[in-house]
Amino acid sequence: MQKLKKYAATKAGRDAIISFGIVIIAFIVMQALLAADMVSSLLEGLLVPICAYVVMAVSLNLTVGILGELSLGHAGFMSVGAFSGIVAATCLSGTGAPEPVQLAVSIVIGGICAAIAGVIIGVPVLRLKGDYLAIVTLAFGEIIKNIVNVLYVGLDSSGLHFSLLEQRFELAEDGEMIINGAMGVSGVSRLSTFVSGFVLVLITLLLILNLINSRAGRAVMAVRDNKIAADSIGISTTRYKLMAFVISAAFAGMAGTLYGLNYTTTTANKFDFNTSILILVFVVLGGLGNIWGSVIAATLLTVLPEMLREVGDFRMLIYAILLIAMMLFNNSPLKQRILEKRGMKQMEKLEKAEQSGKEGA
Amino acid sequence: MSFLNHLINGISLGSIYAIIALGYTMVYGIAKMLNFAHGDVIMVGGYMCFCATTYLGWPAPAGILLAVVVCTVLGVVIERLAYKPLRMAPALAVLITAIGVSYFLQNAALLIWGSSTKSFTSVVGGSPIPLFGGQLTIAPVTIVTVVTCIIIMVVLTLFTNKSKAGTAMRAVSEDKGAAQLMGINVNTTISLTFAIGSGLAAIAGVLLCSAYPTLMPTTGSMPGIKAFTAAVFGGIGSIPGAFIGGILLGVIEIFAGAYISTQLQNAIVFAVLIIVLLVKPDGLLGKRVSEKV
């Protein structure tokens with residue numbers, strides 16, 4: 001108990017406790033509501049996407065908040081993860097392994113494929129800075145979308161077949177097409193469940209929070225705060241930048257697999273520029289570098305448009321206005337004043353406590 | 001001959017990208033922000049001209065004028081309401097606000113005009129002009145687009161280099177604080193930049209819809225992203241850079257579609273951008289700024 005108290009006193013400890021607390025409480029509440037059958041089918045359908053978006057937001061926060069590089073192509077990694085995960089799941093479906101095992105293996109494979117894409121993209125991209133880096137990640141996101149749109153993958157008894165632009169292979173009689181060019185995939189067995197999503201969120205939080213508070217995480221933040229200073233004290237900036245970027249890509253890939261295996265059909269256009277922006281909005285509204293902020297923002301902003309369904313056509317318009325208003329409020333003098341007032345009150349409380357402590361002694 | 005035909009198409013498309021990119025690059029130069037709503041101002045311009053000519057029966061020049069006026073006002077209003085309060089805020093906050101404005105414009109257009117595609121009547125009439133005994137044809141709209149683009153580019157260069165307001169603009173983009181101390185009204189100058197950029201977007205919107213006559217609420221987003229790419233390609237903040245970047249991007253896009261694959265057209269455009277940025281990290285005509293410790 002003493003140890004936990006000490007841990008909670010540090011900023012890292014507090015962040016970790018808040019993050020896990022939110023996720024676990026939300027999970028228990030949702031499970032209770034599900035058991036009591038009080039969840040609308042709409043919200044029930046959103047549970048797995050929320051988990052996927054939370055993982056996406058937390059992983060993008062590693063790139064944008066911790067590494068400090070703006071990425072506009074995070075959905076590209078999600079796409080790589082989704083499609084490679086679906087291919088893996090289709091290959092595994094014949095093995096007779098239990099579903100959770102199939103799902104876990106698919107998610108790992110999705111993560112690995114996205115990590116490989118992360119290395120291929122990260123090496124050239126991380127040489128650039130600022131807005132130039134942002135536009136190149138955007139470009140890679142579009143390239144991935146375009147390539148998946150012309151990708152044909154089939155499976156038969158002699159193994160996997162790939163071709164680009166058109167279907168150039170013949171499948172044996174028992175074979176089936178997995179990715180069918182612009183038509184995407186269809187007939188996927190829906191392996192993802194809320195529990196598996198919850199487990200993935202927990203694993204992501206555990207690994208990313210630990211990474212941030214490790215030596216490597218501090219090195220990454222040093223690179224963010226001042227690259228030249230970090231360089232001069234012997235931190236290999238390229239290595240740490242690439243590390244953070246690839247880990248971020250890997251988690252995006254895992255989230256992609258979870259997301260892809262939640263629907264029977266998926267097309268590459270689901271993971272376009274708008275999706276990347278959506279995830280970026282989660283990260284910025286949750287607070288850069290603030291992991292539990294990303295968790296809350298991803299959850300709320302996924303549910304919000306659905307809640308606004310009652311207002312029909314005005315739904316996205318209100319969403320846009322809320323988005324602008326939140327950004328304006330976040331940076332307005334009004335908020336500064338409120339924060340200052342709160343800070344003053346806390347100071348007064350501390351002083352009082354100190355004084356009474358002295359008197360007591 | 002088909003090579004020449006593709007080249008002309010490419011230059012025509014590139015000219016549209018160049019006009020949008022000029023607006024992008026000016027706004028970036030002065031406000032140091034990626035204005036993602038720029039593409040949607042193009043769409044508003046297209047709709048305005050469409051309404052004026054189709055619903056109200058106005059002649060084309062009046063329609064274009066209406067589009068330019070509405071978009072100019074819209075640009076200034078957006079700047080005042082959404083971007084001005086964030087001038088001291090971190091760059092990402094401004095970026096997200098710009099995305100919010102972009103969503104807002106798209107969804108407002110969706111509510112006003114519906115999701116169905118409107119077919120736009122070209123503002124430049126006339127039949128295609130045959131060349132070389134009919135082996136090659138040029139649509140009049142192509143000529144108008146290219147000429148407009150060149151005029152805009154020349155006028156903008158003269159404006160920023162010679163006029164007083166243009167000098168103020170360059171001063172503000174270099175150092176806001178110092179410009180203010182020199183008696184330049186920074187707010188007016190930024191508003192003026194947004195006004196010019198949005199006015200250009202309106203012209204680009206009308207030309208875009210004349211060349212590719214489909215109009216929907218998302219018409220502007222892809223050309224917006226492409227033009228942004230073009231601006232970066234040529235070196236963001238540089239006016240000749242945006243022009244060259246736009247033309248090159250258009251030509252590459254049409255050639256990639258004609259000779260390699262229409263499905264991979266965009267992928268090839270972006271791949272070329274990546275290669276250029278890897279060789280010249282500040283774009284073709286960008287200035288290299290060395291980092292101080």
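Of the 20 residues of H6(A), 17 are buried, so the helix is largely enclosed by the rest of the structure. Buried means under 20% relative accessible area, exposed over 50%, and partly exposed in between, with a 1.4 Å probe and protein chains only. Helices are DSSP runs of H or I, at least four residues, numbered from the N terminus.

Two sentences on ground rules. This is a predicted model, where local features need pLDDT of at least 70, side-chain atom pairs count only at pLDDT 80 or more, and totals for chains, interfaces and linings use all residues. Residues are numbered from 1 along each chain as its sequence is written, chains are lettered from A and ligands numbered from 1 in the order written, and side-chain values use heavy atoms, without hydrogens or water.

Back to H6. The helix covers residues 130-149 of chain A, and its end C-alpha atoms are 29 Å apart.

A salt bridge here is a side-chain nitrogen of Lys or Arg within 4 Å of a carboxyl oxygen of Asp or Glu. Glu142(A) is buried at 4%. Lys145(A) is buried too, at 16%.

How many salt bridges does the structure hold over all chains? The count is 6. Another is Lys241(A) with Glu69(A), at 3.7 Å, N to O. That pair links distant parts of the chain, 172 residues apart. Lys241(A) is in helix H10 (residues 237-260), and Glu69(A) is in the loop between helix H3 (41-66) and helix H4 (74-92). Lys241(A) counts as buried, at 7% relative accessibility. Glu69(A) is buried as well, at 12%.

Next, Asp225(A) and Arg224(A). Their side chains meet in a salt bridge at 3.1 Å, N to O. Is Asp225(A) buried or exposed? Exposed, because its relative accessibility is 57%. Arg224(A), at 33%, counts as partly exposed.

Last stop, helix H14. Lys345(A) lies in H14, residues 333-360 of chain A. Lys345(A) is exposed, with a relative accessible area of 61%.

That's my tour. Over to you.

Terms used:
Helices (H or I, at least four residues) and strands (E, at least two) are DSSP runs, numbered from the N terminus. The expected span of a helix is 1.5 Å times one less than its number of residues.
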